[in-house]
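Please look at the sequence and the structure shown here, and keep both at hand while reading.

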Amino acid sequence: MQIDLRTVSIQPLRNTFDHLVRRFGDKPASRYQEGSYDIQAAENLHYRPTWDPEQELYDTSITKIVMQDWYALKDPRQFYYSTYTLARARQQDSMEANFSFVESRGLTDLLPADLRQIALDLLVPLRHAAWGANQNNTFICGYGYGTTFTQPCIYHAMDNLGIAQYLSRLGLLLGGTEALDAGKAAWLDGEAWQPLRRYVEDCLALRDPFELFVAQNVALDGLLYPLVYERIVDEHLAGRGGSSVAMLTQFMTDWFDETRKWVDAVLKVAAGESEHNRAQLQEWINAWKCRAASAVLPVVEQVFGAEADDLVSEQVAAFKARIEKTGIAL
Amino acid sequence: MDMKTANKKLSLKDKYKLFTRDLGWEPTYRTKEEVFPYVQYEGIKIHDWDKWEDPFRLTMDSYWKYQAEKERKFYAIIDAHAQNNGHLHITDARYLSALKVFLQAISPGEYAAHKGFARVGREFPGVGTQVACQMQAIDEIRHAQTQIHALSNYNKFYNGFHGFAEHRDRIWYTSVARSFFDDAMAAGPFEFMIAIGFSFEYVLTNLLFVPFMSGAAYNGDMATVTFGFSAQSDEARHMTLGLECIKFMLEQDPDNLPIVQAWIDKWFWRGIRVLSLVSTMMDYMLPKRVMSWREAWNIYGIENGSALFKDLARYGIRAPKGWDHAEEAIDHMSHQLMLGLYQWKFGTSFHVWIPSDEDMDWLSKKYPTTFDKYYRPRWEHIKKHEAATGAPFNNFGLPKLCQCCQLPTLFTEPGDPTLICHRESVYQGERYHFCSDGCKDIFDNEPEKYIQAWLPMPGLMQDPLNGDLAGWMDWVFLKNGEDNGDYATSQDKHNFELWRSMASSNQ
């Protein structure tokens with residue numbers, strides 16, 4: 001039975017704010033729209049930055065990508081703070097359950113020693129790469145233009161930090177603080193990690209927010225995440241009795257799956273805007289993809305030795321297919 | 001090899017260290033200057049970023065968990081508020097003026113703080129500092145969004161909210177807050193931290209948020225109270241960050257002291273000028289008042305501020321230069337600014353009104369040395385004038401704006417509340433005007449910055465508007481006769497009373 005509760009019915013004077021009527025027509029707006037569109041100051045900026053007087057406070061010209069309307073780069077997940085936080089809190093709940101499942105049943109003790117070593121060698125140094133990703137996404141959020149494009153970047157940055165912290169927890173669980181020390185030493189001096197560290201540091205020196213988006217979120221993550229979390233952890237390790245490791249990295253697998261939809265949507269709209277953008281994105285993606293592939297190769301070699309080359313090539317091909325769906329030929 | 005590790009119990013502090021600052025490393029493929037290019041030019045010397053004490057220890061898993069809990073509650077309450085016509089529970093529609101000013105001038109500041117903290121969260125070379133700033137960056141976008149969402153339902157029923165995005169960039173009085181935040185963002189990372197992290201969040205935030213949220217509670221506005229409460233634990237984190245940051249700078253090198261002191265002087269004065277808008281809200285706009293602006297200042301300014309500066313004295317920090325001037329001005333500023341706003345009410349996207357006799361009695365009680373002597377006569381004069389002419393008292397002469405704080409130069413001389421204070425400086429052959437010594441000093445320290453300020457009044461007189469007031473209203477998205485003017489004759493008043501009578505009677 002449905003009970004129709006009655007309240008005083010008052011006709012609203014208007015549906016939503018003027019700037020949203022202009023964009024979407026005169027109808028009620030969603031909370032994503034209210035919290036994302038045109039909330040960055042756009043006109044009559046008062047002062048030029050003392051840190052770089054060549055720039056405006058919010059400046060579209062610090063990137064080579066040109067958009068008529070930067071708000072066109074919307075997030076298909078329609079994340080605003082609330083929906084983002086609720087989604088991550090749910091994922092955190094299941095990660096917490098996974099960690100305590102693994103811990104309480106002593107599953108890490110059952111892990112074959114060689115797999116444990118692989119997990120430590122491969123995953124622990126990546127906490128530093130995730131920290132690099134955090135800084136890069138914080139940069140894109142800070143200097144990028146238009147909230148629809150930049151707000152997902154601060155969420156992404158906090159996710160990167162969360163991933164670095166999950167990896168730290170994993171390292172502590174599998175090998176204690178010594179494992180974190182060893183991972184950091186490998187990141188700093190281990191031969192296999194130097195190309196990747198160089199890649200990350202080169203990204204830290206980039207000041208074009210969109211190129212940085214390509215270098216970090218498109219190229220590097222686009223190869224690193226599927227290789228490490230899908231091919232190595234979920235397939236290779238789990239297939240050989242290391243599924244407890246996969247439980248501890250579930251967040252990363254799910255996260256990559258979810259966030260690539262946003263990354264692809266940004267590429268698709270930016271490339272669709274103009275031939276200029278398409279050509280620029282093509283050039284960037286090609287260049288950074290090649291560098292990323294050679295940076296992750298020695299990392300994968302640690303696990304697969306001579307087979308790593310094929311594995312990375314396969315992944316590059318899959319990456320190419322993925323990117324071409326956004327309208328950028330590689 | 002048996003890898004079974006005796007997982008030593010780590011202390012919370014050590015664990016947090018591993019989860020944050022241990023993630024960082026010294027770059028070797030790139031120079032520090034390439035990675036952190038903006039951290040030198042302000043002259044602040046930092047010798048050891050590891051000496052940074054984490055002001056709070058929050059890992060991402062707990063952050064998501066706590067924040068999600070608060071978000072659930074917040075949206076449940078504002079949904080219920082919208083569904084049940086919660087807007088009819090406010091004291092009366094005069095209260096909405098405070099909300100309108102807030103949405104037009106303060107919420108955009110939250111967003112600016114979000115961007116600014118993202119920038120410094122990248123530019124500081126210490127991981128501990130970066131993480132703390134990044135958390136504030138994501139909190140600040142939360143605040144901007146929860147405020148817009150909480151006030152969105154008011155926009156559906158009342159005027160003055162609909163054009164907040166355009167007002168932020170174009171209308172004249174919002175440039176007071178806009179120029180404040182633009183000024184902070186145009187500064188280097190350390191000055192930004194003193195401006196927003198310390199002066200705004202630590203010294204001034206209580207004067208803004210506590211009165212504002214208490215005002216909302218007193219006036220039956222559940223939506224605003226809810227975002228206030230929901231933001232409180234975030235604000236507590238932000239305050240500890242601001243304080244840690246200033247202590248860190250002062251402890252790192254004695255040469256930092258004069259730089260930091262000059263920033264405190266500057267941002268205190270900038271803040272006092274922004275807060276003059278809050279003073280009008282507390283003394284004039286709330287139908288049911290919490291406390292006077294003077295009383296709020298006594299608690300949150302004098303008591304808290306004195307304790308803070310006493311605490312910082314061991315670093316050589318003294319109270320801000322404009323402190324005594326501010327203390328004297330507290331008894332005048334709300335009246336002076338409100339009298340101004342009343343005259344220029346044709347150009348405000350909120351309503352104003354002449355205080356009732358009862359309100360004036362309250363004001364004389366709260367301001368025994370100033371209100372009856374200087375301000376009641378002016379209100380009475382306006383009342384008489386309106387009665388005689390039968391028309392609202394408008395001053396279509398445009399005010400001269402201060403080049404620094406962007407308020408009309410309507411405040412008075414220290415020591416003489418009957419004389420308008422004017423200051424000027426000549427820079428590169430141009431003459432610039434100020435409302436006070438504080439604002440003139442700020443300009444004189446950095447004229448090349450402040451000559452760039454966008455002043456809305458000259459904008460009205462220049463091409464393409466050339467003084468066309470109706471054209472200006474269209475440009476700023478101000479609907480004449482709806483958004484502006486006296487509350488007494490407003491649609492907001494009419495509708496509120498009509499709807500409330502529908503909800504509370506059987507007519």
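Two residues are said to be in contact if their C-beta atoms, placed from the backbone, lie within 7 Å. Helices (H or I, at least four residues) and strands (E, at least two) are DSSP runs, numbered from the N terminus. This is a predicted model, in which local features need pLDDT of at least 70 and side-chain atom pairs count only at pLDDT 80 or more, while totals for chains, interfaces and linings use all residues. Residues are numbered from 1 along each chain as its sequence is written, and chains are lettered from A and ligands numbered from 1 in the order in which they are written.

**A helix pair in chain B**

Two packed helices are described by the angle between their axes and the distance between the axes. Axes are lines fitted to C-alpha atoms, for helices over the stretch in contact, and angles run from 0 to 180 degrees between N-to-C directions. Helix α4 (residues 96-123) of chain B packs against helix α7 (residues 174-186) of chain B at an angle of about 10°, and their axes are 9 Å apart. Angles under 35 degrees count as roughly parallel, over 145 as roughly antiparallel, 65 to 115 as roughly perpendicular and the rest as oblique, and α4(B) and α7(B) are therefore roughly parallel to each other. On the side of α4(B), the residues that meet α7(B) include B:Gln104, B:Ile106 and B:Lys115, and their partners in α7(B) include B:Arg178, B:Phe181 and B:Met185. Ala, Val, Leu, Ile, Met, Phe, Trp, Tyr, Cys and Pro count as nonpolar, Asp, Glu, Lys and Arg as charged, and the others, Gly among them, as polar. By these classes, the contact of α4(B) with α7(B) has nine nonpolar, four polar and two charged residues.

**The chains and their contact**

A residue is buried if 20 or more other C-beta atoms lie within 10 Å of its own, exposed if 12 or fewer, and partly exposed in between, with C-beta atoms placed from the backbone.

How many residues does the contact take from chain A and from chain B? It takes 70 residues from chain A and 76 residues from chain B. The largest share of the side of chain A that touches chain B, 16 residues, comes from α7(A). That side of chain A has 33 nonpolar, 22 polar and 15 charged residues.

Most residues other than glycine have a negative phi, and most peptide bonds are trans. B:Gln428, in the loop between β3 (423-427) and β4 (430-434) of chain B, has a positive phi near 50°, and B:Gln428 counts as exposed with 7 C-beta neighbours inside 10 Å. B:Phe477 also has a positive phi, of about 65°, but B:Phe477 is buried, with 20 other C-beta atoms within 10 Å. The peptide bond from B:Asp463 to B:Pro464 is cis, with omega near 5°, and B:Pro464 has its place in the loop between α17 (456-461) and α18 (469-476) of chain B.
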